[in-house]
Amino acid sequence: MPVGLLGKSIEELRSYVAALGEAPYRAKQLYRALYAERRFDFAAMTNLPAALRARLAVEASISLPRLMRRFPSADGSVRYLMAIGGGAERPAQIEAVFMPSDGRQTICISTQAGCAVDCHFCLTAQLGLIRNLSAGEIVGQVLVALSENAATLAPRTNVVLMGQGEPLLNFEPVMSAVRILLDAEAVAISPRHVTLSTSGIVPGIERLATETVRPKLAISLNASTDEQRDAVMPINRKYPIAALLDACRRYPLRTWESLTFEYVLLGGVNDAPEDARRVARLIANLRAKVNLIPWNPGALPYRAPDAARVEEFRRTLAEKGVRAFVRLSRGQDVFAACGQLALVEKSATALPVLPSD
């Protein structure tokens with residue numbers, strides 16, 4: 001079976017080319033061709049000699065996620081349905097979202113197919129966990145989105161690990177992918193522009209704190225008391241708010257960095273002014289900001305808060321000295337918004353693959 005190269009680090013590629021009997025510098029050329037130049041056909045890797053390209057075409061493979069369907073939104077964002085796996089890997093479908101705006105584009109990617117965390121306001125939770133993604137399947141979503149939009153890319157790319165799945169429950173592949181995304185010799189995205197969002201997996205946060213190369217950290221809080229959080233995020237029973245905030249206080253922020261707390265506002269559930277005051281007390285001693293996300297409608301028993309309630313919540317936080325911003329999700333009309341990613345088609349053979357052009 002051909003050796004899959006997508007997702008391999010420079011060190012892994014060095015070992016691979018050494019096993020082929022090639023000079024070590026060929027690994028760097030291959031690494032650059034894959035991630036910086038985004039060449040996914042060995043014949044197009046003209047920085048490699050023809051004989052090596054021919055050998056790689058037989059003995060290796062570059063398995064990008066297969067684009068199945070595009071869902072363009074009226075606001076310019078695009079939800080992508082992709083198929084992964086086959087062969088040794090279990091087939092599955094995942095979703096990613098491309099969101100263009102002035103001077104930048106943001107790519108929201110998945111780290112698992114489905115999710116086991118079971119946040120009750122999130123449609124992805126309805127799928128359960130199908131499987132973890134490999135480093136190549138994670139990086140591949142970014143490469144597909146960049147390639148799809150190559151003609152119109154803005155100067156800056158943001159990547160948010162906020163799609164399907166809990167990144168910290170797939171730690172090693174996620175961090176392997178992040179290192180490739182952040183490497184100046186690879187995809188070359190700044191650490192300031194890559195954010196990992198977690199439901200609050202405390203051991204994962206502690207482990208992330210020890211990493212030399214890492215993204216920014218966002219924590220889905222979504223409640224102001226343990227009782228409230230238990231009801232909407234069962235993971236809180238294992239890692240309650242006090243333990244989560246203790247891990248946040250010990251997290252080693254870089255000089256330019258702050259923590260982000262994401263707070264999905266559920267109408268009549270967690271959006272009262274007293275909730276805002278409790279949130280302000282919880283994070284009072286942290287270098288942090290709060291992103292307020294009005295709940296995005298889906299087939300779940302919640303409702304969006306009204307605009308006045310959202311503004312009152314934001315103002316209450318601001319009056320307590322907390323930086324707070326209302327984030328209106330993109331792509332709601334194509335179910336690409338926060339909490340909306342969930343597959344209607346469960347079988348990877350249910351849809352025809354789009355032409356590669």
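The protein chain carries 42 positive and 35 negative side chains, and the centres of the two sets sit 3 Å apart. Here Lys and Arg count as positive and Asp and Glu as negative, with His and the chain ends left out; each charge is placed at NZ of Lys, CZ of Arg, CG of Asp or CD of Glu. The model is a predicted one, so local features need pLDDT of at least 70 and side-chain atom pairs count only at pLDDT 80 or more, while totals for chains, interfaces and linings use all residues. Residues are numbered from 1 along each chain as its sequence is written, and side-chain values use heavy atoms, with hydrogens and water left out.

As for the overall build, the protein chain has 10 helices and 14 strands (DSSP runs numbered from the N terminus, H or I of at least four residues for helices and E of at least two for strands). Its radius of gyration is 21 Å, close to the 21 Å that the globule rule gives for 357 residues, so the chain is as compact as a globular protein of that length. That radius is taken over C-alpha atoms, and the rule is 2.2 Å times the number of residues to the power 0.38. Laid along the principal axes, the C-alpha atoms fill a box of roughly 70 × 40 × 40 Å. Of the 357 residues, 53% are buried, meaning under 20% relative accessible area, against over 50% for exposed and in between for partly exposed (1.4 Å probe, protein chains only). The accessible surface comes to about 15400 Å², with 52% of it belonging to carbon and sulfur atoms; these areas come from the Shrake-Rupley method with a 1.4 Å probe, and for residues only the protein chains shown count as cover. Among contacts (heavy atoms within 4.5 Å) with a separation of 6 or more, 67% are between residues 24 or more positions apart.

Now to Q105, which lies in strand 6 (residues 104-108). A polar atom of the Q105 side chain lies 2.6 Å from the backbone nitrogen of A154. The side chains of Q105 and T157 are joined by a polar contact of 2.8 Å. Beyond its neighbours within four places in sequence, Q105 is in contact with F98, M99 and P100, and also with L153, A154, R156, T157 and N158.

Another spot worth a look involves N270 and N222. N270 sits in the loop between strand 12 (259-265) and helix 9 (273-282), and is buried at 1% relative accessibility. N222 belongs to the loop between strand 11 (216-220) and helix 7 (226-232), and is buried too, at 2%. The phi of N222 is positive, at about 65 degrees, although N222 is not a glycine. The side chain of N270 has a polar atom 2.8 Å from the backbone oxygen of N222, and a polar atom of that side chain also lies 2.8 Å from the backbone oxygen of V264. Leaving out residues up to four places away in sequence, N270 touches N222, A223, Q228, Y263, V264, L265, D275 and F313.

S224 is likewise in the loop between strand 11 and helix 7. S224 is buried, with a relative accessible area of 5%, and its side chain meets that of R278 in a polar contact of 2.9 Å. Not counting residues up to four places away, S224 touches I241, Y263, D275, R278, V279 and L282.

A188 also has a positive phi, near 65 degrees, and is not a glycine. A188 lies in the loop between helix 5 (171-182) and strand 10 (194-198), and at 45% relative accessibility A188 counts as partly exposed.

T124 falls in the loop between strand 7 (112-114) and strand 8 (129-132) and has a relative accessible area of 4%, which makes T124 buried. From T124 to E206 is 82 residues in sequence and 25 Å in space, C-alpha to C-alpha. L81 is part of strand 4 (residues 78-86) and counts as buried at 1%. L81 and L34 are 47 residues apart in sequence and 22 Å apart in space, again C-alpha to C-alpha.

Key. A polar contact is a pair of N or O atoms within 3.5 Å; within protein, one must be able to donate a hydrogen and the other to accept it, and residues adjacent in sequence count only if both atoms are side-chain atoms.
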